[in-house]
Amino acid sequence: MEPAATSVPGAAIEPRRPGADTGEATANAGEATGARRPELQIAAHVSSGVLGAGMLVMPPVVAALAGGDSLLVWSAHILLGGSISLMLAMLVRARVRSASLAGAVGALLGSWAQRAVDGVFAVAFTAGQAAIAWFAATCLLTAADGSPPGPGTDGLLLALGILVVAVLAALSPLSLPAAVLRLRPWATGAVALACFAWGWPAAPAAGSHTPLAPSGLSPDGAQWLALAALFFAGVGWESVTAVVPSAAAGPRRTATGVALGAAAVAVVYLGLATVHRLAAEAPAAQHSLSTPLRWAFAIATAAVLTSYCFTNVRTAARIATRLRPGDPGPSERGPAKAVIAAVGIACCAFACAGAAGDGAVPLLLLGPAAAALLGYGLAAAAAVRRGGPLLRSAGATVLLVLVGIAVLAVPYLLGG
């Protein structure tokens, strides 16, 4: 999940008129290239929107939950995410200007839909940052002890420390240069590949008490939790709403761009998950790591994830600012410090809730999962309401799948 600043902000806008200038910040880079090959522009935007902190967080979490079925769970998520992205691209291509998911559904369904999406994402991002902080804390404790820790005060204190650093950075004038933001997914992928190739962090034993997986779930419940939590890694499939209108491509090129972006996401996520699985199956892989190497992986992981918390806290504050009636949104200087502080307090509250038992990381990731489910569901409803026959069928299918996942997953998650 790339920082939501590129995929969530926006406001309801007027339907796009042919020939109108629809370019925004998302289309500024590579404008000439995008004009010649819009499918490459769309593909780059989709892949950069999806690939982010999830490259480090999700392979170990899915492996801990789904075990040998982890690649099947990943494949199901990528297929669903790519389908949602394609539906969204076709929905906004000639109907709205470049906008966020909230802005797009607001333009198509009304301002209530925009506020609903903004509201759930503002809350969900705070839970998501708490999950990221818990994962980083787990890595640091694993480096110290050599094995995944159990839930407890040590993990909570480290998670709160990471969140405090991120919030203080968000309150400061510090801003990451655009070049750093462009390179960050590559650095994240490189760190993830190095960690997983060495079999680190090791998957916890079945039934063990760790922040990576609840111990009381049945095997089926754990797989459903893995699929639900993966919506955190998939926040970014909706980024097509910001790039497709400005790309001004025809239906075929738009579909090609989304397919190329989904293929890139599949190669990265399935590749990392495969590397993690193969390394975990190698005998005594974890014991071959020296203490300095464990600490190098842990510190690199914590540094990268703290940077995502920093940018995502500001993003959540920007979204929260838009929820005030009559508020035009954050100024060029960003959201007010009071709003950032409130978001930081919410992040810490979620982190404290994660200390109540094991499985803090995937359970906290259900916040972003619920937000994505609602946002994609409203987009599917907009496709049913505003699309042609083919788009209506696609929207109805996506809506049924999303509702089906929720209906089937909830009993397993509650029943254990």
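## Helix H6 and its surroundings

At the start of H6, serine 100 places a side-chain oxygen within 3.4 Å of the backbone nitrogen of alanine 102. This contact, like everything described below, belongs to a predicted model. At the other end, H6 is followed by glycine 110, a residue whose phi is positive, near 125°.

Helix H6 spans residues 101-109, and because eight of its nine residues are buried, the helix is largely enclosed by the rest of the structure. The buried positions are Leu101, Ala102, Gly103, Ala104, Val105, Gly106, Leu108 and Leu109. The cover over these buried residues includes H5 and H7, together with helix H11 (240-247) and helix H16 (366-386).

## An aromatic pair in helix H7

Helix H7, which is among the elements covering H6, covers residues 111-145 and contains both phenylalanine 121 and phenylalanine 125, placed four residues apart, or about one turn of the helix. A search of the whole structure finds three aromatic pairs. One of them is formed by phenylalanine 121 and phenylalanine 125, whose rings are 6.1 Å apart centre to centre with 35° between their planes, an arrangement classed as tilted. Both of these phenylalanines are buried.

## A charge over a ring

Arginine 184 is positioned over the face of tyrosine 308, at a distance of 3.9 Å from the ring centre.

Although glycine 68 and arginine 277 are 209 residues apart along the chain, their C-alpha atoms are separated by 8.3 Å.

## The protein as a whole

The secondary structure of the protein comprises 17 helices and zero strands. Of the 416 residues in the protein, 53% are buried. The exposed surface comes to about 16500 Å², and carbon and sulfur atoms supply 67% of that area.

Note on methods:
Residues are numbered from 1 along each chain as its sequence is written. This is a predicted model: local features need pLDDT of at least 70, side-chain atom pairs count only at pLDDT 80 or more; totals for chains, interfaces and linings use all residues. Side-chain values use heavy atoms; hydrogens and water are left out. Helices (H or I, at least four residues) and strands (E, at least two) are DSSP runs, numbered from the N terminus. Buried means under 20% relative accessible area, exposed over 50%, partly exposed in between (1.4 Å probe, protein chains only). Accessible areas come from the Shrake-Rupley method with a 1.4 Å probe; for residues, only the protein chains shown count as cover. Rings of Phe, Tyr and Trp (its six-membered ring) pair if their centres lie within 6.5 Å; planes under 30 degrees apart count as stacked, over 60 as edge-to-face and the rest as tilted. A charge sits over a ring if NZ of Lys or CZ of Arg is within 6 Å of the ring centre and within 35 degrees of the ring normal. Contact means heavy atoms within 4.5 Å. A polar contact is a pair of N or O atoms within 3.5 Å; within protein, one must be able to donate a hydrogen and the other to accept it, and residues adjacent in sequence count only if both atoms are side-chain atoms.
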